[in-house]
Amino acid sequence: MENKLTRNLYKIPYLLWILVFVIVPIALVVYYSFFDIEGHFSLGNYRKFFTPVYLQMTVSSFWYAFLITAISLIIAYPTALLLTKTKHKQLWLLLIIVPSWINLLLKAYAFIGIFGTYGAANSFLKVIGIGQQQILFTDFSFVFVSVYIFIPFMILPIFNSLNELNPTLIDAANDLGASKWTTFRRVIFPLTIDGVKSGCQVTFIPALSLFMLTRLIAGNRVITLGTAIEQHFLVTQDWGMGSTIAVFLIIIMVLIMVLTNTKKRGV
Amino acid sequence: MDKKLTPLSKLFLIIIFFILYAPIFFLILYSFNSGETMYSFKGFSLEWYRELFHDTRLLIIVLNTIVVALLSALFSTIIGIFGALAIHMAKRRETKNTLLSFNNVLIVSPDVIIGASFLILFTMAGIKLGFYSVLLSHIAFSIPIVVLMVLPKLTEMSPSLIDAARDLGASSWDVMSKVIIPYISPGIFAGFFMALTYSLDDFAVTFFVTGNGFSTLSVEIYSLARRGISLNINALSALLFLFTMLLVVIYYFITQRNKPSGMGVRKR
C-alpha cells in the first residue's frame, strides 16, 4: 500500500483540474484569437485590434478603470484610516464588508431605481433646485456605481496594512517634530503602500472587465474591454475577435500583477 | 496618534456608511410598496412577496441555484483538499511555487475571461451548455479558493504530529483521517463556505456557460433588471439580504474559530 503510485494518486484530480480548467482554456483563447469569423487562420483580428476603433475603446476602458480606482482610493484610504481609530474596529470593518457580500446585480438594480428619471436622486436634485437631470445611462452613473461596488474591496487591504502598522513609529515621528501631514506622507503612507497596491489590483482589473455594469447602468454608452468580449462571444458570435481582446486583457492583467506585486498579503 | 475621532471625521464615516447601506435599504423598502414603481411609495403591502412565492419558474431557478452551489462546493472542497495536500507535500520549492501560481490564475482572472474560455472549452469538448456546464465551471473556479483556505492550516500544523502518529504505528490512511483532516477541518469548513458563496454569487461565468433553458438566480436577476424595474426583484433582494446576513453570521463564527485565515471579501 505504501508504494509511490498510491501515494501520488491523490494528486491526480487536482493536477487534472490545473490542466483542463487552467492551462487548456487559456491556450484555447490564444488559439481562437488566430481565427477570423469564417474559421480561417489569420492575423486579421490582431490587425483589427490596432485600428482606431478598438484602440480608442481600450484607451477609454483604461481611463474609466483608472478613474474608478483613483476615486475609490481617495475615499477608501481616509475611511480605513479613521476605522482603525474607532473603538470596535473589527466590528466596523465587518459592517463595511457586508455590502460586498450582497449580489452585485442587486446593487446595480438598486441604482437603476435611484438614478431613474423619477428616482430618489432626481427628487433630491429637484428639492435643492438643480432640477431633473439624466443620471442613469451616463458615464457619471457608471463611475459612481462602480466606485460604490469597489470601495469595500479597496478598504479591506488598506485597513489590514494600517492595522499592522507599529504605532510607536508614529510616536517617534511626532517626537522628532514631524507635523501630522509629514508623518502621513513620510511614515504612514509608505508603510501601507502594499495594502494600497493590492487594493488597486482588486479594483482595476475588474473595472476593466465588468460588463454587466456597463450594460445595466451605462446603457451602451460605456464600452469596456469586458463589454466588448461579451459582445463578441454572445451577441455577434465572433469568437476570434473576442478571444483577441481577451488575450490583450490577459496581457494587461499580467502586467498589472507584476507592477503591483506585493508579498502576497491582504486579500 | 490621537485616538479620538474629531466630529468631522465622524461625519465622514457616517456619510460613507450611509452611502454603502442606503441603496440596499432603499431596495428593501420598496419591496413593501403597493404601487408598481421605485419612486412613489403608495402604501404598505406584501403583494410582491406573495407573487414571488407563486412564481414556480422562479422557485425552480432558486432550487437550481442551491443545488449547483451545494454540489459545486462539495466537489471543489474535496479536490481542493487534495490540491492543498499536493502543494504542501511538494518537496521542491519551485514545484510548490509553480502549483501555487497555477492555483491563483483563476482567482485573479476577470470573470469574463473565465467565462469566455470555459465557453470555448465546453463547446470544443462537446458538452451541452446547461446544468453540467454550469456545475463544472462552478467547481473549477471554486477549487483555488478552497486550496487557499486549507493551505495555511496545513503549513501551521507541526510535522511532529505526523511523526508521532507514525511512531505510534498509524498507517498512512490513519494519519490522514485521524490526524491531518481533523486538524485542518476549520480550513475545510471555511473553504466549503467560500465555495458556496462564490457559486451563489457568480453571475459572469454562469452567464457565459449557461445555455437556453437553464438559469441561476443571478442570471435571472440580470435579465429581469435589463427589462427595467419590477418590484418582485425588490422582494427577492430583501429575502436574499436576510439570507446574506445569515451567511455573514455563519462566516463570522467560522473565522472566529479559524483566526489566521482572517476575513475575506467576496470576489465581485
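Student: Let's take α11(A): how many of its 17 residues are buried?

Tutor: Keep in mind that this is a predicted model. In α11(A), 16 of the 17 residues are buried, so the helix is mostly covered. The helix covers residues 193-209 of chain A, and its geometry can be checked with a quick sum. At 1.5 Å a residue its 17 residues should span 24 Å, and the end C-alpha atoms are 25 Å apart, which agrees.

Now put that helix in its setting. UniProt, in an unreviewed entry, lists residues 58-260 of chain A as "domain: ABC transmembrane type-1". That stretch is 80% helix and 0% strand, and its end C-alpha atoms are 20 Å apart. An unreviewed UniProt entry also places the feature "transmembrane region" at residues 12-34, 62-84, 91-115, 135-159, 202-219 and 239-259 of chain A. Two of those spans are worth a look. Residues 62-84 of chain A are 100% helix and 0% strand, with end C-alpha atoms 32 Å apart. Residues 239-259 of chain A also come out at 100% helix and 0% strand, and there the end C-alpha atoms are 30 Å apart.

Next, the loops of chain A. Most residues other than glycine have a negative phi, and two residues here go the other way. One of them is A:F137, which has a positive phi of about 65 degrees although it is not a glycine. A:F137 lies in the loop between α7 (120-127) and α8 (139-164) of chain A. With 18 C-beta neighbours inside 10 Å, A:F137 counts as partly exposed. The other is A:Q237, again not a glycine, with a positive phi of about 60 degrees. A:Q237 is found in the loop between α13 (225-235) and α14 (239-259) of chain A. This residue is exposed, with 9 other C-beta atoms within 10 Å of A:Q237.

A:R221 sits in the loop between α12 (211-216) and α13 of chain A. Leaving out residues up to four places away in sequence, A:R221 touches A:F137, A:T138 and A:D139. A:R221 has 12 other C-beta atoms within 10 Å and is exposed; the cut-off for that class is 12 or fewer. For a sense of distance, A:R221 and A:I155 are 66 residues apart in sequence and 29 Å apart in space, C-alpha to C-alpha.

Then there's the partner chain. Chain B has 11 helices and zero strands, so to speak one α after another when you read along its sequence. Its C-alpha trace spans about 75 × 65 × 30 Å along the principal axes. Of the 268 residues of chain B, 41% count as buried. Take the contacts in chain B between residues at least 6 apart in sequence: 77% of these join residues at least 24 apart. As a spot check on chain B, B:P182 is found in helix α8 (residues 172-201) of that chain. B:P182 is exposed, with 10 other C-beta atoms within 10 Å. B:P182 and B:N97 are 85 residues apart in sequence, yet 26 Å apart in space, C-alpha to C-alpha.

Finally, how do the two chains meet? In total, 63 residues of chain B are in contact with 71 residues of chain A. On chain B's side, helix α1 (residues 7-30) of chain B gives the largest share, 13 residues. By class, that side of chain B divides into 50 nonpolar, seven polar and six charged residues.

Helix α6 (residues 104-115) of chain A and α1(B) pack with their axes 9 Å apart, at an angle of about 75 degrees. Angles of 65 to 115 degrees count as roughly perpendicular, and α6(A) and α1(B) are therefore roughly perpendicular to each other. From α6(A) come A:L106, A:K107, A:A110, A:F111, A:G113 and A:I114, and they meet B:P23, B:I24, B:F26, B:L27 and B:Y30 in α1(B). The contact of α6(A) with α1(B) has nine nonpolar, one polar and one charged residues. An α-helix has 3.6 residues a turn, so residues three or four places apart point the same way.

Key
Residues are numbered from 1 along each chain as its sequence is written. Chains are lettered from A and ligands numbered from 1 in the order in which they are written. This is a predicted model: local features need pLDDT of at least 70, side-chain atom pairs count only at pLDDT 80 or more; totals for chains, interfaces and linings use all residues. UniProt positions are given in the numbering used here, feature names are shortened, and annotations may be inferred rather than shown by experiment. Helices (H or I, at least four residues) and strands (E, at least two) are DSSP runs, numbered from the N terminus. Two residues are in contact if their C-beta atoms, placed from the backbone, lie within 7 Å. Ala, Val, Leu, Ile, Met, Phe, Trp, Tyr, Cys and Pro count as nonpolar, Asp, Glu, Lys and Arg as charged, and the others, Gly among them, as polar. Axes are lines fitted to C-alpha atoms, for helices over the stretch in contact, and angles run from 0 to 180 degrees between N-to-C directions. Angles under 35 degrees count as roughly parallel, over 145 as roughly antiparallel, 65 to 115 as roughly perpendicular and the rest as oblique. A residue is buried if 20 or more other C-beta atoms lie within 10 Å of its own, exposed if 12 or fewer, and partly exposed in between; C-beta atoms are placed from the backbone. The expected span of a helix is 1.5 Å times one less than its number of residues.
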